[in-house]
Amino acid sequence: MALPVFSHAQPKGATGVLVLGDGTCIWGKGFGATGSSVGEVCFNTAMTGYQEVMTDPSYDSQIVTFTFPHIGNVGANEEDVESRGLGAVGLVVRQAVTPHSNFRAQNEFVEWCVSHGKIGLSGVDTRALTRRIRLSGAPNAVIAHSPRGQFDVKALKRQAAEWSGLEGLDLVPGVTRGVLEDWRGGYWQLGTGYGAADNAKPHVVAIDYGAKDNIFRNLVKAGAKVTVVPARTSLDEIMRLKPDGVFLSNGPGDPAATGEYAMPVIKGLLDADVPLFGICLGHQMLGLAAGAKTAKMFQGHRGANHPVQRVGGQWGESEGLVEITSMNHGFAVDGDTLPPEVEQTHVSLFDGTNCGISIKGKKAFGVQYHPEASPGPQDSFYLFEKFVGMLG
């Protein structure tokens, strides 16, 4: 099937469609789960790790456009699942998903999409769609798949136009753990899989706002024992666990909305001088708790090749060093709103947005990007060592 143009008319043979909030229809071949899902359309530039991307809870209520054209060649397997949360609701790709050719594959990616409720659309000019997002912002949309090519286009257009979008939306309740969990998994190695976590201390309590599992594995690799707690765990409940430090995880949605119940806990931890480390949503809410503001980004940052520079006065000889990082966020801390007691530590070299903060006089810091990678480069593992190292 030839790459379709963006149009209202359904071309012959189309079994999938992406309907944007303005009524634009992008037709192609559907795969994976059938039915329809609503979400915000974004794009990810990573060349590897499509399964990790699709199972990252930070992508909840989002439809991921993959700019890399060859999706499916490594198949799917249970070791590359990043969470038990919802993850992305759908994906858009250029080429038809290819059969796997990797020794780690347990099944085909299309089969995995079916079993995990992910709706796919192939045969799309993803370069044109990506350019549209870069010029006009991330649109709300509905992705739909019907093997018979039967669509109620009017209803899909109405659903896309009426969806409220991510701003003001607290999505954490749908992806957080329901109960406390003593984390057991270690770091992955080829041939042996995930090792066991046997560290007795220091003890890190990780608040799960929609965390990727590889974060916990990196904390273990850095030398910590990890206890994971649900997002709405109270300050008293956390303190009863006697943490040496508290980790604030990534997650989906608007940090200001989640912050309504998360910020009082974070402020309490700051007042108690508990060491804190936040990633992505956790970083944003740490910034909110310290007095800064967050804002919705025009197109967001998502990929495994984002350059971030170390700034501020704390780096010594490594001042100005550039890390290549993995990112996935549509909100950011507004660097212009940082209060005097909060120092900016990292900035994006793509657009200058804030990518890291530390709070003066406290053992508390956060980064916007994902130092645990999965997928992506491992330039930033030092942050886990830094956090565990300050716990004593």
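## Cavity linings

By class, the lining of the largest cavity has five nonpolar, eight polar and two charged residues. Nonpolar here covers Ala, Val, Leu, Ile, Met, Phe, Trp, Tyr, Cys and Pro; charged covers Asp, Glu, Lys and Arg; the others, Gly among them, are polar. The model is predicted: local features need pLDDT of at least 70 and side-chain atom pairs pLDDT 80 or more, while totals for chains, interfaces and linings use all residues. Residues are numbered from 1 along each chain as its sequence is written, and side-chain values use heavy atoms, with hydrogens and water left out.

## The largest cavity

Searching the whole structure gives two cavities of 30 Å³ or more. A cavity is a set of points on a 1 Å grid over the protein atoms alone where a 1.4 Å probe fits but cannot get out; lining residues have an atom within 4 Å of a point. The largest cavity holds about 130 Å³ of space, the volume being that filled by probe spheres set on the points.

Its lining counts 15 residues. S58, G251, G253, G330 and F331 lie nearest the centre of the largest cavity. Helix α8 (281–289) and strand β16 (322–333) each give at least two lining residues. The largest share, four residues, is from β16. Helices (H or I, at least four residues) and strands (E, at least two) are DSSP runs.

## The second largest cavity

The second largest cavity has a volume of about 100 Å³. It is lined by 15 residues. Nearest its centre are V53, D56, S326, M327 and P375. Two or more lining residues come from each of α1 (50–54), β15 (294–310) and β16. Here β16 again supplies the largest share, with three residues. The lining of the second largest cavity divides into six nonpolar, six polar and three charged residues.

## The barrel

Seven strands close into a barrel. Their order is β1-β2-β6-β5-β4-β3-β7, and the pairing is mixed. Neighbouring strands of this sheet are turned by 35 degrees against each other on average, direction ignored.

Strands β4 (residues 62–66) and β5 (residues 90–92) run parallel and pair over three bridges; pairing takes at least two DSSP bridges. V64 has L91 of β5 as its bridge partner.

## Helices on the sheet

Helix α3 (residues 126–136) packs on the sheet. It touches β1 (16–20), β2 (25–32), β3 (35–44), β4 and β5, contact meaning heavy atoms within 4.5 Å. The direction of α3 makes about 75 degrees with that of β3; angles run from 0 to 180 degrees between N-to-C directions of axes fitted to C-alpha atoms, for helices over the stretch in contact.

Helix α4 (residues 153–162) also packs on the sheet. This helix touches β1, β2, β3 and β7 (140–145). The direction of α4 makes about 145 degrees with that of β7.

Definitions and conventions. 1 Å grid on protein atoms, 1.4 Å probe; cavity = no way out; pocket = protein on both sides within 12 Å on 5 of 7 lines; lining within 4 Å.
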